[in-house]
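The model is a predicted one.

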Amino acid sequence: MAGNRQRAERLADEELMPLIGAKDPEAFEVLFDRHGGAAYSLAYRVVGERGAAEDVTQEAFISVWRSGARFDHARGSVRAWLLSIVRNRAIDTLRAGAGKAPKLNFDDEAILERRPAEERTEEEAIRHETATEIRGVLEELPGEQSKVIELAYFGGFSQSEIAGMLGLPLGTVKGRMRLGLRKIRSEMAGGLA
């Protein structure tokens, strides 16, 4: 077993994928060791909660285990493919949780009333409302524009990192981001009028 692990560690990500497709646990473990931290970090930046980020990361890697043979080298790197799976799962998690108010019973309400209010309640409410509005506008953008903006602002990636992840020229990423941000500004300004 240790020999298989060492052999897998010497392989490039692209070489691991056929092994993962064949359900090789050592290859999968190496992939997780290489990219699990970045996957969790991205999930956490998108969903903003540790438990949810752990769930998103786990679901993404389970999906990779099940569909490792579907990786297409021509469409980009393994890391970009994996992080796009994580990003999509994280966004799905956010969408699934949107609009679902927690159900409170009488005791829960009493506990909440006794809890001290946070210092910046109004500021937090405005920030949350703005983020919700921006996410709504992002859904209206063409997919290629919303993808680069989400990776930059919710994923925390630089434009050059996004270009590498998506296998696009840097100028294309900058152009898509510029067009998308222009549309967001226009929509947000229209909402204030």
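## Charged patches and salt bridges

Asp92 is placed in helix α5, which spans residues 78-97. With a relative accessible area of 45%, Asp92 is partly exposed. Together with Glu49, Glu54, Asp55 and Glu59, Asp92 forms a patch of negative charge on the surface. Helix α4 (residues 50-67) supplies the largest share of this negative patch, namely 3 residues.

**Overall architecture.** The protein chain contains 10 helices and 0 strands. Read along the sequence, its pattern is accordingly written α-α-α-α-α-α-α-α-α-α. The chain has 193 residues, of which 35% count as buried. Its accessible surface comes to about 12300 Å², and carbon and sulfur atoms account for 52% of that surface. Among contacts between residues at least 6 apart in sequence, 58% join residues at least 24 apart.

**Salt bridges.** Side chains of opposite charge can pair when their charged atoms come close. In this model the count comes to 5 salt bridges, and the table lists some of them.

| Pair | Distance, N to O |
|---|---|
| Arg5 and Glu9 | 2.7 Å |
| Arg5 and Glu29 | 2.7 Å |
| Arg7 and Asp24 | 4.0 Å |

Arg5 and Glu9 both lie in helix α1 (residues 2-9), where they are 4 residues apart, about one turn of the helix. Glu9 is partly exposed, at 39% relative accessibility. Arg5 also meets Glu29 in a salt bridge. This second pair links distant parts of the chain, since Arg5 is in helix α1 and Glu29 is in helix α3, 24 residues apart. Glu29 is partly exposed, with a relative accessible area of 42%. A network of salt bridges links Arg5, Glu9, Glu29 and Asp33.

The side chains of Arg7 and Asp24 form a further salt bridge. Arg7 lies in helix α1 and Asp24 in the loop between α2 and α3, so this pair ties together parts that are 17 residues apart in sequence. Arg7 is partly exposed, at 36% relative accessibility, whereas Asp24 is buried, with a relative accessible area of 14%.

**Individual positions.** Lys23 is found in the loop between α2 (13-21) and α3 (25-47). Its phi angle is near 65°, a positive value in a residue other than glycine. Lys23 is partly exposed, with a relative accessible area of 36%.

His35 lies in helix α3. This residue is buried, because its relative accessible area is 5% and the class covers values under 20%. Apart from neighbours within four places in sequence, His35 is in contact with Asp13, Phe61, Arg79 and Leu82.

Leu166 lies in helix α9 (residues 159-166). Apart from neighbours within four places in sequence, Leu166 is in contact with Arg75, Ala80, Lys147, Val148 and Leu151. The C-alpha atoms of Leu166 and Arg75 are separated by 7.7 Å, while the two residues are 91 residues apart along the chain.

Terms used:
Residues numbered from 1 in each chain as written. Predicted model: local features only at pLDDT ≥ 70, side-chain atom pairs only at ≥ 80, totals over all residues. Heavy atoms only, no water. Patch = residues over 30% accessible without salt bridge, like charges linked within 9 Å, V, L, I, M, F, W, Y side chains within 5 Å. Areas by Shrake-Rupley, 256 points an atom, 1.4 Å probe, with all protein chains shown as cover. Lys, Arg positive; Asp, Glu negative; His and termini not counted. Charge placed at Lys NZ, Arg CZ, Asp CG, Glu CD. Helix = DSSP H or I, 4+ residues; strand = E, 2+ residues; numbered from the N terminus. Buried < 20%, exposed > 50% of the residue type's maximum accessible area, 1.4 Å probe, protein only. Contact = heavy atoms within 4.5 Å.
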